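Q: Got a model to go through with you. Can you take a look?

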Amino acid sequence: KPQMQYPFGGKFVVCLYIKTGKGCEARICKTIEVREGPPPVDESKLWLVRQYPNPVQALMYAVVFSPKPNEMVELAVLDVYGVIKSSVKITVPKGYSTHAIRTNTLMTGPYMLRLRSNYGTQSRSFYKVN
């Protein structure tokens, strides 16, 4: 039984692909709507709600909660020595939003994902595998 968890609300296209041993293929896609969950404990602040998957290979997703529209934030990947390996400045909307972060050029090992904004800094650890 396939399962997927969505840590934020929105509309998503979900597809199931089936291929038999003889090469026959079938596909079905549906649009589903996931209702937005409750805000973080303190909904007056910007939050790095979660990042996934962990461990990560080529692409990681960061879920951010913002109490206001158009908040400027920096998402950065740091190694264990605190050296920034990649950084991007983005504007996040009000509520939950998800942002993709490329991790394909990182070497195998432990890292930190850091969210920096006018509200302060939050970090979460993750591990890169090949």
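Q: Where is Pro-55 found?
A: Pro-55 is in the loop between E3 and E4. Strands here are DSSP runs of E, at least two residues, numbered from the N terminus. This is a predicted model: local features need pLDDT of at least 70, side-chain atom pairs count only at pLDDT 80 or more, and totals for chains, interfaces and linings use all residues. Residues are numbered from 1 along each chain as its sequence is written, and side-chain values use heavy atoms, with hydrogens and water left out.

Q: Cis or trans, the peptide bond from Asn-54 to Pro-55?
A: Cis, with omega near 10 degrees.

Q: And the bond from Tyr-52 to Pro-53?
A: That peptide bond is cis too, omega near -5 degrees. Pro-53 sits in the loop between strand E3 (47–52) and strand E4 (59–66).

Q: New topic. What is phi of Asn-70 near?
A: Near 60 degrees, a positive value in a residue other than glycine. Asn-70 lies in the loop between E4 and E5.

Q: Is Asn-70 buried or exposed?
A: Exposed, at 61% relative accessible area. The cut-offs: buried is under 20%, exposed over 50%, partly exposed in between (1.4 Å probe, protein chains only).

Q: On to the sheet. What is the strand order?
A: E6-E5-E8-E9, 4 strands in an open, antiparallel sheet. Strands pair if DSSP finds at least two bridges between them. Strand E6 (84–92) and strand E9 (120–128) are the edges, each pairing on one side only.

Q: How many bridges join E5 to E8?
A: 5 bridges join strand E5 (residues 71–78) to strand E8 (residues 109–117). Leu-75 has Leu-115 in E8 as its bridge partner.
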